[in-house]
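Look over the sequence and the structure first, then read the points by topic.

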Amino acid sequence: MTTCTDYTQHPDTAIIATLAGLSHHFSKSYCFPSQNKLRSLHAKHTGRDLSSRALNRHLGGLEAAGWITRQRRHRNVQGRGWEFRSTLYALTRKGWRWIAS
C-alpha cells in the first residue's frame, strides 16, 4: 500500500479514506455502508466510477493485506428465510495509522 493520495491511480486509498470518513462521521470505529453508497462516494470524491466487481476486488485486497476487516451481517427472519444486510467494515490499526499519517 502506498501513502500516495492520488485516488485515481490508487483507488484503495480512496476506499480506506471513505470508510474512515464514514466511521468518523458517526463517531464509531466501524461503519456499514451499502456497496452502492461506497461506489457513489468513490465516484463523488475521485470522479471515477467503480463497478461492483472492482469494488469487491479492492475490498478483498485491503482485507487480505490487513488494512480492513469485514463482517457479513444477516439474520434469519421467521417465515421469510435469511435477510442479508450491508457488510460491517472496520479499519485495522494499520489502516488508522495510515489515516493519521
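Helices (H or I, at least four residues) and strands (E, at least two) are DSSP runs, numbered from the N terminus. The model is predicted, so local features need pLDDT of at least 70 and side-chain atom pairs count only at pLDDT 80 or more, while totals for chains, interfaces and linings use all residues. Residues are numbered from 1 along each chain as its sequence is written, and side-chain values use heavy atoms, with hydrogens and water left out.

**Helix α1 against helix α2**

- The axes of helix α1 (residues 11-25) and α2 come within 10 Å and cross at roughly 115°; axes are lines fitted to C-alpha atoms, for helices over the stretch in contact, and angles run from 0 to 180 degrees between N-to-C directions.
- This angle makes α1 roughly perpendicular to α2 (under 35 degrees counts as roughly parallel, over 145 as roughly antiparallel, 65 to 115 as roughly perpendicular and the rest as oblique).
- The crossing of α1 and α2 is right-handed, where right-handed means that the near helix is turned clockwise from the far one by less than a right angle, and left-handed means anticlockwise.
- On the α1 side, the contact (heavy atoms within 4.5 Å) is made by Pro11, Ala14, Ile15, Thr18, Leu19 and Leu22. On the α2 side, Leu38, Leu41, His42 and Thr46 take part.
- By class, the contact of α1 with α2 has seven nonpolar, three polar and no charged residues. Ala, Val, Leu, Ile, Met, Phe, Trp, Tyr, Cys and Pro count as nonpolar, Asp, Glu, Lys and Arg as charged, and the others, Gly among them, as polar.

**Histidine 42**

- Histidine 42 is found in helix α2 (residues 35-46).
- Histidine 42 is buried, with a relative accessible area of 4%. Buried means under 20% relative accessible area, exposed over 50%, and partly exposed in between (1.4 Å probe, protein chains only).
- Leaving aside neighbours within four places in sequence, histidine 42 is in contact with Pro11, Ala14, Ile15, Gly47, Arg48 and Leu50.
- A polar atom of the histidine 42 side chain lies 3.2 Å from the backbone oxygen of arginine 48. A polar contact is a pair of N or O atoms within 3.5 Å; within protein, one must be able to donate a hydrogen and the other to accept it, and residues adjacent in sequence count only if both atoms are side-chain atoms.

**Helix α1 against helix α4**

- The axes of α1 and helix α4 (residues 93-100) come within 11 Å and cross at roughly 95°, so the two helices are roughly perpendicular to each other.
- Thr13, Ile16, Ala17, Ala20 and Ser23 of α1 make this contact with Trp96, Trp98 and Ile99 of α4.
- The contact of α1 with α4 has six nonpolar, two polar and no charged residues.

**Helix α2 against helix α3**

- The axes of α2 and helix α3 (residues 52-64) come within 10 Å and cross at roughly 95°; α2 and α3 are therefore roughly perpendicular to each other.
- In this pair, Gln35, Leu38 and Arg39 of α2 meet Ser52, Leu55, Asn56 and Leu59 of α3.
- The residues of the contact of α2 with α3 divide into three nonpolar, three polar and one charged.

- Serine 23 lies in helix α1 and is buried, with a relative accessible area of 1%.
- Not counting residues up to four places away in sequence, serine 23 touches Lys28, Ser29, Tyr30, Cys31 and Trp96.
- Serine 27 is found in the loop between α1 and α2 and counts as exposed at 68% relative accessibility.
- Most residues other than glycine have a negative phi. Serine 27 has a positive phi of about 55° although it is not a glycine.
- Serine 29 is also in the loop between α1 and α2, and at 49% relative accessibility it counts as partly exposed.
- Serine 29 touches Ser23, Ala90, Leu91 and Trp96, not counting residues up to four places away in sequence.
- Serine 101 is found in the segment after α4 and is exposed, with a relative accessible area of 70%.
- The serine 101 side chain reaches the backbone oxygen of tryptophan 98 at 2.7 Å.

**Glutamine 71**

- Glutamine 71 has its place in strand β1 (residues 68-77).
- Glutamine 71 touches Thr87 and Leu88, not counting residues up to four places away in sequence.
- The C-alpha atoms of glutamine 71 and arginine 39, 32 residues apart along the chain, are separated by 19 Å.
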